[in-house]
Amino acid sequence: MGSLRGISVAILVLQALFASVALVSAQGSTNGSRWQTLNGKPPLVIAHGGFAGIFASSSFGAYSLALLTSLPNVILWCDVQLTRDAAGICFPDLKLDNNSDVATVYSDRKRTYLVNGVSTNGWFSIDFTFKELGNVILNQGVYSRTNKFDGQSYPIMTVQNTYAQLNPPGFWLNIQHDAFYAQHNLSMRSFVLSLTRNANLTISYISSPEVAFLQSIAPTFRRTATNLVFRFLGQNDVEPSTYQTYGSLLQNMTFIKTFASGIIVPKSYIWPVDSQLYLLPSTSLVLDAHRDGLQVFASEFYNDVPFSFNYSYDPVAEYLQFVNNGQFSVDGVISDFPITPSAAIDCFAHLDRNASKQVDLLVISSNGASGDFPGCTDLAYSKAIQDGVDVIDCPVQMAMDGTPICMSSINLIDSTKVAESSFSNLTTTIPEIMQGSGIFTFNMSWNDIQSLTPVISSPQSQYELFRNPKFRNAGKLLSLSDFLTMASNASSIQGVLISIENAVFLAEQGFGVTDAVLNALSKAGYNNQTAQKVMIQSSDSSVLMKFKSQTNYDLVYKINEDIGGTQNSTVDDIKKFATGVVISKDSVFPVNSAFITGVTSVVQRLQAANLSVYAETFSNEFTSQAWDFFSDATVEINSFFMGGGINGVVTDFPKTSNRYRRNRCLNRGNRTPGYMSPVQPGSLYQLITAAYLPPAEAPNPILTDADVVEPPLPPVVARAPTSSPNSTAAAPRSPNGQPKVAASVILPLLTVVVAVCVLF
């Protein structure tokens with residue numbers, strides 16, 4: 001059984017782990033800007049089954065987390081089902097088997113019923129008494145979400161118990177299948193009306209997709225504080241009592257107004273998308289409904305289900321499109337991740353593009369805005385500048401003719417369509433550089449590289465998450481000289497970051513990459529100006545030592561490996577040649593099976609030596625983030641800055657980080673709302689019961705002196721005359737020095753700011 005014992009344990013655990021959030025979430029903050037909602041007040045956040053994006057929908061854990069991380073007036077949503085003995089329960093679906101272990105507990109109780117005329121198999125609440133359901137445990141019904149909390153043994157709760165246990169500021173009952181229950185001699189109307197006689201329970205909203213049901217209860221609620229809301233399903237679906245499609249009912253708002261004060265519509269009713277998942281112009285639905293005096297609630301918001309490429313996988317951007325677009329605002333959003341709309345409404349809505357920065361967080365691009373355009377292209381850099389980046393980066397590679405170029409990887413296959421070009425015969429294998437074969441920049445002239453078609457990086461493509469397909473091959477590749485010209489003309493940025501890898505190997509092939517960078521910077525005038533700083537980044541200490549001996553640039557040491565700590569002597573060594581360090585996200589918050597297990601002292605140790613610490617790489621795709629960040633890039637950034645203490649982020653979506661540091665919920669002290677509080681490292685991991693714990697992983701290694709100290713760069717070997725780029729190039733000879741394996745990223749190229757503005 002999971003009932004009382006399971007729920008009491010869950011209460012203690014959640015209250016303990018999220019205590020720091022609970023202290024501030026009740027206070028929230030206010031935004032006095034004018035809203036384009038029907039009543040002129042901020043839109044409501046409705047927690048669909050609680051925080052169903054993490055815990056089982058309608059469980060105590062889901063509802064509790066929603067209350068702790070959402071707006072103070074958050075409304076808890078309960079899908080009401082009826083049991084055989086007419087008890088009303090909060091459960092997300094008419095069928096019990098997808099969101100509970102009922103099929104295991106009662107394996108012989110599977111039945112078949114007609115639901116809206118469709119024969120449906122499964123386990124139904126009408127075949128069980130509530131006492132029988134006391135043996136059933138809720139579980140995560142969305143298989144793409146983590147099931148690690150199913151061991152919490154959350155029981156199915158009645159509507160009354162849900163309200164009594166949680167005492168929510170608002171309570172929403174959704175009645176989805178009144179007609180089905182009526183066919184089995186169960187009255188949803190009687191159950192709902194019985195709740196009105198309970199002085200200890202207040203219902204804020206009741207919704208249903210069935211006209212007849214709402215009409216039957218409308219007289220009772222006409223002079224009460226409870227609002228009735230008609231729920232639209234698919235436009236071609238048929239409403240069971242009027243036999244009209246929901247699309248046709250949408251044309252008759254006056255009729256809906258006779259029994260409801262609002263409507264729920266799928267978000268695509270308001271902002272439709274085309275077949276490629278790009279936004280179409282908004283419909284007039286919200287304005288039409290407001291004109292007729294109806295509130296509009298938008299549904300189907302999920303941080304972990306991409307909707308449109310226009311949002312660049314940023315869920316905050318999606319919510320802002322519905323509440324802060326300058327034309328209208330919906331009156332509420334129904335979300336499985338209520339932390340995100342809470343922040344969008346309170347912290348980011350009506351935020352001026354040039355709002356003051358509230359915190360000092362340096363935003364460094366990763367191959368430009370490579371989440372939106374092929375990396376290291378004019379388009380990617382233009383977008384990064386437009387999005388408010390502080391520092392744009394150029395990973396320098398060498399072309400065969402000695403031209404330094406900006407390219408995310410030394411292997412052109414990673415970021416261009418070279419393998420499909422006439423240069424595909426240049427494929428070779430160089431184990432000292434990377435595993436497998438590649439076509440390397442130093443085997444092609446810059447003129448030939450310029451002719452290649454760039455390709456956008458999609459690092460989460462294994463999860464079918466692709467980036468901006470309409471522009472996947474857009475943009476123009478840049479030389480380092482081109483890059484520096486673009487940067488010098490961008491008055492809004494603070495500087496440039498030039499990263500150098502494989503310098504030892506390149507020197508032994510006759511390419512002096514450090515000298516090429518020094519010459520390019522000198523020619524671009526960066527030695528005679530102070531308007532923009534120059535940052536040189538490398539994982540080779542010998543590279544940084546050379547720049548330290550010849551320049552006053554900011555030198556950034558990149559630690560490629562995930563580390564769990566560092567020796568004091570190692571920090572002293574780094575301090576000799578660097579002013580900053582780039583570390584992985586896992587070196588701040590180590591993870592196991594995508595759960596944060598704790599926090600290291602790496603950031604504090606490095607900062608104690610006056611080294612700035614930047615973490616990489618921050619991406620918007622939810623699959624790139626730990627579960628602890630709730631599939632929200634803003635939560636991740638906030639936690640690394642406020643909780644991890646980093647000085648800057650390296651990101652392929654600079655817009656998200658730039659917007660974060662300007663939000664009005666920062667610098668609130670003990671008034672910081674729960675949705676802008678950093679996550680507690682390891683808090684979710686501690687909620688995983690023994691049966692669901694992932695296998696333990698070895699801790700990340702400690703950074704030692706041997707990892708950092710290197711001999712000076714070797715002299716550049718004189719090169720033999722190069723062969724024609726269209727003929728098969730001889731494989732470069734292996735280096736004698738210590739090789740470093742270059743991490744390949746991916747990205748491509750450009751056009752103009754106009755093209756960027758058209759899409760965004």
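This is a conversation about how some terms are applied to a predicted model.

Colleague: Why is G122 called buried?

Modeller: The relative accessible area of G122 is 0%, and buried means under 20%, so the word applies to G122. G122 sits in strand β5, residues 118-122.

Colleague: Which residues is G122 in contact with, leaving aside its neighbours within four places in sequence?

Modeller: They are K95, D97, R109, K110 and R111. Contact here means heavy atoms within 4.5 Å. D97 is 25 residues from G122 in sequence, and the two C-alpha atoms are 6.6 Å apart in space.

Colleague: What makes Y106 and F128 an aromatic pair, and why is the pair called tilted?

Modeller: The centres of the two rings are 5.1 Å apart, and rings pair if their centres lie within 6.5 Å. The angle between the planes is 50°. Planes under 30 degrees apart count as stacked and over 60 as edge-to-face, with the rest tilted, so this pair is tilted.

Colleague: Why is the pair said to tie parts of the chain together?

Modeller: Y106 lies in the loop between α4 and β4, and F128 in the loop between β5 and α5, so the pair ties together parts that are 22 residues apart in sequence.

Colleague: How do you know whether Y106 and F128 are buried or exposed?

Modeller: Y106 has a relative accessibility of 12% and F128 has 0%. Buried means under 20%, so Y106 counts as buried, and F128 counts as buried too.

Colleague: What is the pair of F309 and Y313 called?

Modeller: Edge-to-face. The planes are 80° apart, and planes over 60 degrees apart take that name. The centre-to-centre distance is 6.4 Å, which falls within the 6.5 Å limit. Both F309 and Y313 are buried.

Colleague: Why is helix α14 called mostly covered?

Modeller: Of its 10 residues, 10 are buried. Helix α14 spans residues 339-348, and its buried residues pack against β1, α3, α13, β12, α23 and α24. Just after α14, H350 takes a positive phi of about 60°.

Colleague: What makes C376 worth a remark?

Modeller: C376 has a positive phi of about 60° although it is not a glycine. C376 is found in the loop between β13 and α15. Its relative accessible area is 0%, and buried means under 20%, so C376 is buried.

Colleague: What is the phi of S631, and where is S631 found?

Modeller: S631 has a positive phi of about 55° and is not a glycine. S631 is in the loop between β25 and α23. At 7% relative accessibility, S631 is under the 20% limit, so S631 counts as buried.

Colleague: What kind of peptide bond joins E616 and T617?

Modeller: A cis peptide bond, with omega about -10°. T617 is found in strand β25, residues 612-618.

Colleague: Which residues have the most contacts inside the largest nonpolar core?

Modeller: I270 and I536, in a core of 192 residues. Residues that I270 touches include V265, L285, F322 and V330. Apart from that core lies another, of 13 residues, among them A399, W446, L452 and L477.

Terms used:
Residues are numbered from 1 along each chain as its sequence is written. This is a predicted model: local features need pLDDT of at least 70, side-chain atom pairs count only at pLDDT 80 or more; totals for chains, interfaces and linings use all residues. Side-chain values use heavy atoms; hydrogens and water are left out. A nonpolar core is a set of buried Ala, Val, Leu, Ile, Met, Phe, Trp, Tyr and Cys residues joined through side-chain atoms within 4.5 Å. Buried means under 20% relative accessible area, exposed over 50%, partly exposed in between (1.4 Å probe, protein chains only). Helices (H or I, at least four residues) and strands (E, at least two) are DSSP runs, numbered from the N terminus. Rings of Phe, Tyr and Trp (its six-membered ring) pair if their centres lie within 6.5 Å; planes under 30 degrees apart count as stacked, over 60 as edge-to-face and the rest as tilted.
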